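Dear colleague,

I am passing the structure below on to you, and my notes on what was found in it follow directly after.

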There are 2 protein chains.
Amino acid sequence: MLAKPIVVKGKVLGGGRQPVVFMPLVARTVDALLAEAAAVLRKAPDLIEWRVDFFGDIALPGKVLDTAARLRRIAGPIPLLLTRRSAREGGHAVELSDEAVLGLYSAVCKARCVDFIDFEMSSPPEHIRRLRGISREHEIGMILSYHDFAGTPGLEALSERFLQAERLGGDIAKVAVTAKRPQDVLTLLAATERSAQALKIPLVAMAMGGYGSLTRLFGWVFGSSATFALGASASAPGQVPVEDLNAVAEILRRALRG
Amino acid sequence: MLAKPIVVKGKVLGGGRQPVVFMPLVARTVDALLAEAAAVLRKAPDLIEWRVDFFGDIALPGKVLDTAARLRRIAGPIPLLLTRRSAREGGHAVELSDEAVLGLYSAVCKARCVDFIDFEMSSPPEHIRRLRGISREHEIGMILSYHDFAGTPGLEALSERFLQAERLGGDIAKVAVTAKRPQDVLTLLAATERSAQALKIPLVAMAMGGYGSLTRLFGWVFGSSATFALGASASAPGQVPVEDLNAVAEILRRALRG
């Protein structure tokens, strides 16, 4: 199997079974978030991602920390990933300054109220360096991510993005592009396959959009260590309902055994 | 949609819905074949393929013609494809001389007891030329096919195979290779995608083996006009049960709509 295991506190996510499934939470209020988390957890994700850019009170760090702690409590053994996506890379409306984002992530790490953070590679290099130090000190895993909502870069450019995440010290490299035609799907999967062999860290790769949904369904065969599936609500275009993902995965696992 | 429609007697196979599903018949005796055909037809194939190299009496053209006529009667509106695969290209034990194969196919065309024949591109060029003339005269569609049971040739070599089938006058170009690693799947799909745009005729592309099963499930998105699914028994490695194929196709169609 090309896909490297994602290890959290000494345990392999998904127990070694592929694909590993991340499900996003995108509610605006605390009450809606807790309800969404409960609904999503019933669908047995391997990890839940709180997309904090959808959260109405993102500008109040105390509120974010408190809510993260509550989410983590109801998640029990399921790891929690906190992601603040900028509008530029597909995130929700509320904008924060780069300094405020760094401050929020730093506070989350110090409070140890999540297992992973997702930080954009397009952030100021000095912020990446500082957050890497803080997250490591507090044993919080760091995903370094790249998004392209306009299209799919070429094979070399994509491979470089994965390598860059590793060079910057990420624990996981994430690349999400937009597939506008079938060829884009093949380019993303080829970069995934090559990078899964080249990198020491696990990587997560996907293409967004209708054609991109193929990469969400089959990317694990080409070395993507996780896929985002729709639990309650989608956080990005082309996310597939987890029931569909599971049905296809079951068929694929059977077919791959030959 | 990249995949070109396959037209039989003025009707588009599958009614324009992708993927179009071919199911093989591989029984040894007439009785077993008729039973297999009945079982396969219950699974609603778009076309059934009689793999006559599995047939015990392949050396008796009269018996083959008679059996083809019986199969066609029970198939009703479902088109029938007759395929004799050589042992070299993955076929069953009984060997015939090239002359005997040409004679068998010619008799089948003259009797008009099938809708399509599948002839190997590795056959003597003069035989391809003659059979093309005979099949055209009797309005029998001709698939020109290439198989590689050892591996997956490169993108350029694969693209050339598709083009060759068109140059030789085929109504459909078929290429089947063996995927030994995930990269082979991407190579086959890239050649499919490119050739679907380059060719005027429909093409059918697949990779065999465990990884190859991915191409059977989603090759249609990349321009393959049909896929072979397991009805009763498999005729090649990695064929997926039609129930699985249909389940994945339903999910994919939904995902592609976005």
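Leaving aside neighbours within four places in sequence, B:Arg132 is in contact with B:Ile140, B:Met142, B:Leu168, B:Gly169, B:Gly170 and B:Asp171, where contact means heavy atoms within 4.5 Å. This is a predicted model, in which local features need pLDDT of at least 70 and side-chain atom pairs count only at pLDDT 80 or more, while totals for chains, interfaces and linings use all residues. Residues are numbered from 1 along each chain as its sequence is written, chains are lettered from A and ligands numbered from 1 in the order in which they are written, and side-chain values use heavy atoms, with hydrogens and water left out.

B:Arg132 lies in helix H4 of chain B, residues 125-137 (helices are DSSP runs of H or I with at least four residues, numbered from the N terminus). Its side chain makes a polar contact with that of B:Asp171 at 3.0 Å; such a contact is a pair of N or O atoms within 3.5 Å, of which, within protein, one must be able to donate a hydrogen and the other to accept it, and residues adjacent in sequence count only if both atoms are side-chain atoms. B:Arg132 counts as buried because its relative accessibility is 6%, the term meaning under 20% relative accessible area with a 1.4 Å probe and protein chains only.

Turning to the interface, chain B and chain A bury about 2200 Å² between them, 80% of it on carbon and sulfur atoms (the accessible area, with a 1.4 Å probe, that two parts lose on being put together, summed over both). On the chain B side, B:Leu186, B:Leu214 and B:Ile251 lose the most area to chain A, together 23% of what that side buries. The contact takes 25 residues from each of chain B and chain A.

Two salt bridges are found across this interface, a salt bridge being a side-chain nitrogen of Lys or Arg within 4 Å of a carboxyl oxygen of Asp or Glu. A:Asp244 forms a salt bridge with B:Arg254, with the closest N and O atoms 2.8 Å apart. Helices H6 (182-198), H7 (209-218) and H8 (242-256) of chain B each supply at least two residues of the side that touches chain A, and the largest share of that side, eight residues, comes from H8(B).

As for H7(B), nine of its 10 residues are buried, among them B:Leu214 and B:Phe218.

With best regards

Key:
Buried < 20%, exposed > 50% of the residue type's maximum accessible area, 1.4 Å probe, protein only.
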